[in-house]
Amino acid sequence: MEKKKKKWRLNKNFLPGLAMVGPTGLWMIAFMLLPLIYVIAISFMTKGLFGGVVWTPTLKNYQDIINPVYGKVCLKSLKIALLTTLFSLLVSYPFAYALSKVKKRWKSICMLLIMVPFWINGLLRLNGWVTIFRETGPLNTLLTKLGLPALNFMYTETAIVFGMVYTFMPFMVLPIHTSISKLDSTLLEAASDLGATKLHTFLRVILPLTFPGIFAGSIQVFIPSLGAFFISDIMGGGNTMLLGNLIKNQYLNARNWPSGAAFSVLLIVFTLVVMQIYTRLGGDMDEMV
Amino acid sequence: MEEKRPIIRLDHVTKRYGDNTVVRNVNLDIYEGEFFTMLGSSGCGKTTTLRMIAGFEELSEGNIYLENEDVGNMPPYKRNVNTVFQSYALFPHMNVYKNVAFGLVEKKMKKEEIHEKVTEILNLVQLSGFEKRMPSQMSGGQKQRVAIARALVNNPKVLLLDEPLGALDLKLRKQMQLELKHLQQQLGITFVYVTHDQEEALTMSDRIAIMNNGVFEQIGTAKEIYEHPKTKFVADFIGESNVFEANVSEVKEDGSLKLIMEYGDMEAYGDGFEQNEIVYASIRPESVKCSLEPVNGFNIRGMVKEHIYIGSIIRTTIELPNGQLVKKCAQPDDDFKPVGSLVYLHWSPDKTVVMHTNEDKLYDLIDAGE
């Protein structure tokens with residue numbers, strides 16, 4: 001008797017549950033899970049003669065990855081992603097800290113200043129920087145007029161890192177800002193009361209307590225900068241090949257879908273490893289805002 | 001009385017937030033080794049005063065001295081005082097040991113010495129064996145002990161406590177009150193304690209300062225404040241009181257006063273009152289007596305309105321002809337009169353506390369160091 005009752009209850013919750021989760025679930029299956037399975041599947045297939053996929057299983061695509069040329073691309077991608085993360089952090093932390101200290105009215109204005117660029121296409125914004133920084137751009141014109149040496153900044157790795165920091169900084173600012181806002185100000189008073197100078201209070205209390213935000217922000221900057229291709233295309237002028245560019249080239253230029261898929265899987269694995277490290281070190285996925 | 005040395009001196013201290021004056025021109029000496037309590041309802045400026053001593057709030061005017069050293073503009077980390085916060089403010093990323101050691105590490109003490117001191121103080125607050133616990137794994141009472149240990153381990157000149165027991169339940173609070181008092185006596189450190197709980201203040205303190213609207217209404221021992229409140233506010237705030245507005249009709253040679261109220265008159269004692277001055281006369285419920293016949297010197301008539309039995313005592317309300325209610329409490333068999341009886345109220349004249357109504361005059365008295 002009792003068992004039957006329980007079962008009936010489960011059924012009662014099933015329909016409303018399905019109604020709520022169903023649409024999102026379907027969406028995720030159709031546009032997330034199926035394509036992912038497809039990518040993984042074709043990474044083990046053979047390239048067709050004129051592009052496309054021939055459904056003959058092979059491990060060749062993965063064997064190709066071991067090629068030292070590709071190894072260099074991976075290392076460079078990692079290096080640029082790390083530098084991007086580091087510089088984003090250095091720029092974002094003071095900004096987020098200041099943001100949590102300003103008055104409410106200014107806070108919303110500052111937030112708006114961070115968010116508004118998001119409403120404009122990223123390509124457009126980056127091209128704006130290209131215009132400013134290019135050899136005969138306004139910046140160099142100004143520098144020359146002032147009698148200073150012109151900057152040869154565009155189309156270098158520095159320019160790529162700059163573009164990436166510029167693009168991904170909000171992902172760093174927001175979680176750090178959340179972390180700092182959550183900080184109990186009496187803790188800072190307590191530290192000061194116990195003899196800690198401002199610097200020591202920062203190092204011993206503020207920094208460790210905002211580490212979750214730093215961590216979450218770093219992950220959120222690191223992962224997209226590993227895969228982003230258009231930034232290195234625009235700011236690097238196609239001189240610098242990153243993992244993202246490689247994947248794009250394999251798919252669109254070489255029309256070698258299986259190879260592109262294999263690199264995509266590699267990138268996914270990178271990402272998963274980073275995520276795993278994050279959670280293992282005590283990071284909370286909910287911190288990612 | 002032994003020689004008392006002021007360890008903290010507030011010298012004409014004023015604190016303003018914009019146009020809002022929170023602490024008004026306060027002068028105060030706190031003596032070495034005493035348990036000093038600032039008592040008042042929320043928003044009276046007691047916490048602000050404490051925070052100014054700690055250094056968290058800047059002074060708008062005046063100065064603060066710690067052992068004759070001017071600390072008015074000194075940042076908190078340079079002052080040799082420590083604070084126990086109401087919210088404990090334990091560092092959530094550090095275990096008990098590291099929390100307590102925080103101040104000693106700042107002093108660049110040697111590891112062995114830190115270990116020794118932390119062990120000793122944790123022993124004192126009965127938290128030995130809790131060194132590795134994180135604050136999140138502890139109960140409110142335990143956290144409070146850690147907070148006290150963390151402050152005391154630095155051997156401060158003065159320990160500031162900002163409603164430290166406010167978040168604890170009643171039973172634990174009573175227990176911690178006694179423990180704190182014992183701790184203070186044992187260590188001989190000056191405690192400056194802020195609370196809105198009058199019972200807590202009366203239980204623990206050597207001296208109490210009653211604060212209202214940014215000024216100290218009265219500073220004194222629990223007994224002084226209870227038995228001789230200087231202002232109507234203090235009389236109302238500490239314990240229960242019946243306060244009458246009266247006119248001084250006669251000042252006698254022996255210092256006794258004849259007071260006339262709207263309904264009736266009474267005798268009282270008091271210095272510094274003038275004839276025809278309007279005063280407040282306050283009398284504690286436990287001093288009020290009633291009889292069926294008028295008593296010499298008193299002529300206050302009322303009707304017994306209600307009796308409430310609370311175990312060993314009985315609380316009686318008596319209504320005067322003008323509607324004012326007089327509270328009385330006594331042993332059940334002590335001059336009990338049934339509800340509806342017409343009675344004459346009286347009490348021993350020296351139990352009446354007479355207070356000035358002229359506020360300016362009162363503040364002059366306080367400024368003069370009364």
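User: Leaving aside its neighbours within four places in sequence, which residues is B:Glu34 in contact with?

Analyst: Happy to start there, and do keep in mind that this is a predicted model. B:Glu34 sits in the loop between β2 (20-31) and β3 (35-39) of chain B. Once neighbours within four places in sequence are set aside, the residues in contact with B:Glu34 are B:Asp29, B:Gln184, B:Ile189, B:Thr190, B:Phe191, B:Asp206 and B:Arg207.

User: With which side chain does the side chain of B:Glu34 make a polar contact?

Analyst: The side chain of B:Glu34 reaches a backbone atom, the nitrogen of B:Tyr31, at 2.8 Å. For a side-chain partner, look to the polar contact at 2.8 Å with B:Arg207.

User: Where is B:Tyr88, and is this residue buried or exposed?

Analyst: B:Tyr88 is not a glycine, yet its phi is positive, at about 70 degrees. Most residues other than glycine have a negative phi. The position of B:Tyr88 is in the loop between β6 and α2 of chain B. Its relative accessible area is 9%, so B:Tyr88 is buried.

User: And B:Lys108, is that residue buried or exposed?

Analyst: B:Lys108 also has a positive phi, about 60 degrees, without being a glycine. You will find B:Lys108 in the loop between α2 and α3 (111-124) of chain B. The cut-off for exposed is over 50%. With a relative accessible area of 68%, B:Lys108 is therefore exposed.

User: What area is buried between chain B and chain A?

Analyst: Good one for the interface. Here 22 residues of chain B are in contact with 16 residues of chain A. Carbon and sulfur atoms give 60% of the area buried between the two chains, which is about 1800 Å².

User: Which residue of chain A meets B:Arg51 in a salt bridge?

Analyst: The rule finds 2 salt bridges across the interface of chain B and chain A. One of them joins the side chain of B:Arg51, N to O at 2.6 Å, to that of A:Glu189.

User: Which element gives the largest share of the side of chain B that touches chain A?

Analyst: Across this interface there are 8 residue pairs in polar contact, with both residues at pLDDT 80 or more. On the side of chain B that touches chain A, at least two residues each come from α1 (46-54), β6 (81-84) and α2 (96-106). The largest share, 4 residues, comes from α2(B).

Key:
Residues are numbered from 1 along each chain as its sequence is written. Chains are lettered from A and ligands numbered from 1 in the order in which they are written. Side-chain values use heavy atoms; hydrogens and water are left out. Contact means heavy atoms within 4.5 Å. Buried area is the accessible area (1.4 Å probe) that two parts lose on being put together, summed over both. A salt bridge is a side-chain nitrogen of Lys or Arg within 4 Å of a carboxyl oxygen of Asp or Glu. A polar contact is a pair of N or O atoms within 3.5 Å; within protein, one must be able to donate a hydrogen and the other to accept it, and residues adjacent in sequence count only if both atoms are side-chain atoms. Buried means under 20% relative accessible area, exposed over 50%, partly exposed in between (1.4 Å probe, protein chains only).
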